[in-house]
Amino acid sequence: MTSTAASVPELPLDTLLQAGGITKAYGGVRALRGVDFDVRLGEVHALVGENGAGKSTLIKMLSGVERPDTGSVTVRGEAVAPGSPSASLAAGISTVYQEPHLFAELTVAENLFLGRELRGRGGPVRWAEQFATAAELLEQIGLDPVLASRQVGDLSVGEQQLISIAKAFATKVRVLILDEPSAILADHDIDTLFGVVRRMRDAGVGVIYISHRLDELAQIADRVTVMRDGEVVTSAPMSELSTRAIAELMIGGELDVVEVGERTVSTDIGVEVRSLSAGKALRCANLTVAQGEIVGVYGLIGSGTGELARALNGVLPAKAGQILIRAKPLTISNPRDSARAGIAMLPGNRKVQGVFLDKSLTFNLSVSHLPFFSRLGFVLDQLRERRSMLDSMRKLRVKAPYPETPIGSLSGGNQQKVVLARQLVEKPSVLVLEEPSQGVDVGAKGEIHRLVFDLARDGAAVLVISTDLDEIRTLSDRVLIMRQGAVAAEFQRGIAASRILAAASGDEPEATTETTQKVERV
Ligand SMILES: Nc1ncnc2c1ncn2[C@@H]1O[C@H](COP(=O)(O)OP(=O)(O)OP(=O)(O)O)[C@@H](O)[C@H]1O
């Protein structure tokens, strides 16, 4: 790192990081087109934009994972060598991704001090002192000090993410980059995250906060920068912009309102789960979804919602209980059984499953539907396949040059849209969606919700498992709350978010009284 004396006087005193004129192209795709961006001392600076707008690419330039074609980055006026992760780290730029980079078999304290253990003059590690310092550090940023002695592998993904933030704090971070930290958290856990982020801000850290959950920005962000098509379109104090204004700046036009519309819910049951237990957390779940109905499932981490989805998908074997599709009991031991039973499944944690990165969008769309796209049962109808992909690209606003583009070159959110489109190709009769709009932008979220309504209108039984309260409330005819591995409460459309949260955390006394049996359908 070299000192750029000339640039120092131009910086406002509280400027921590300054990126100027950053451009980056991948082949013909201009991902960044002359981006200027800055972070000030002790602020939370939200970075938002549609899928493919260039947010991750900008982060890669700041953290040194990749080298910009042009432009420079300075921290406290000192130039940061481009394309060098160690130079960025040394300058105090630290990135926390959704998938925590921690050692599962070590304790939290050991992870926090990995590679810089507290030792007396090259002697053995001073464990007691290390634990005490770790506990103090956790407390300083608002986490439970007891966590210091817990093994990381025993923590939830959300808790692990908070430990990654603590780790950055322990290594004297100046600029902390949080890449969609709330995407994997239920609303209840987001409060803890916000507490930690505020403590970091109060300690003078500049936080770059990437999120597609625009409604949370008013609570946490001081400033917001909106990107579109590789450029910054606005950078303003959060107090000057409404959520709607931000969304419209992101898409460069007016936001469509998704109308619920008329829909008839049949009395015939599409899918039924009876006394199902699976994995550690799912103990005894009972639920039904009628044909044409959308049922939302909400629960905090550890409530069993993830296990429910995985049991329906056949990746987690059921220990007891039954799954019935259109009143027929089924044995689902693997995803193929689940698909054969007519369940179209959009699993959570899609980043690690389901995409063939070096294959085209069209391949990734049609891979599970070869008979559907074949003529006479064996000749692949490439025109039909391409048309279907183009239709999905238009409907879900997939930002990609062509259907032939390898999916690996798309932004994370655009890859998610293609995985979702794959589940909708053949108009499924039962659709299970886990976190359907995780990682996708606000415009696409509306489109996804519209598609879900359309499928239900055509008679599909839809189960939506989501930690996004807004999504649960928008989509669901009924909302089921899971607690301790079972359905603990049931509400009708229009229920307040506060009551859903209270029921999920067991604070609502009457929660268990609104049971499945009492529901009247209209
Ligand atoms: N390795 C790559 N090869 C080709 N194109 C790429 C590559 N990485 C990114 N791009 C393109 O650069 C553009 C910006 O992508 P980027 O991942 O920065 O978007 P994003 O704003 O982070 O989106 P998301 O919200 O979906 O994560 C997209 O058009 C993307 O397809």
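Begin with helix H12 and select Leu-383, Asp-391 and Arg-394, the exposed residues on the face turned away from the buried side of the helix. The structure on display is a predicted model.

Next, select the whole of H12, residues 382-395. This helix has 14 residues and spans 20 Å from its first C-alpha to its last, close to the 20 Å expected at 1.5 Å a residue.

Now colour Glu-385, Ser-388, Met-389, Ser-392 and Met-393, which are buried. Viewed down the axis of H12, the buried residues fall within an arc of 140°, so they line one face of the helix. An α-helix has 3.6 residues a turn, so residues three or four places apart point the same way. To see what the buried residues of H12 pack against, display H11, strand S18 (379-380) and H13.

Just after H12, select Arg-397, where phi is positive at about 50°.

Pro-371 counts as exposed because it has 8 C-beta neighbours inside 10 Å.

Finally, centre the view on the ligand, which 18 residues surround; the closest are Tyr-26, Asn-51, Ser-56, Ser-411 and Gly-413. Strand S2 (29-40), helix H1 (55-63) and helix H13 (412-424) are the elements that give two or more residues to this shell. By class, the shell comprises 5 nonpolar, 11 polar and 2 charged residues.

Conventions: Residues numbered from 1 in each chain as written. Predicted model: local features only at pLDDT ≥ 70, side-chain atom pairs only at ≥ 80, totals over all residues. Near = placed C-beta within 6 Å. Helix = DSSP H or I, 4+ residues; strand = E, 2+ residues; numbered from the N terminus. Nonpolar A, V, L, I, M, F, W, Y, C, P; charged D, E, K, R; others polar. Buried ≥ 20, exposed ≤ 12 C-beta atoms within 10 Å, placed from the backbone. Expected span 1.5 Å × (residues − 1). Arc of directions from axis to C-beta. Contact = placed C-beta atoms within 7 Å.
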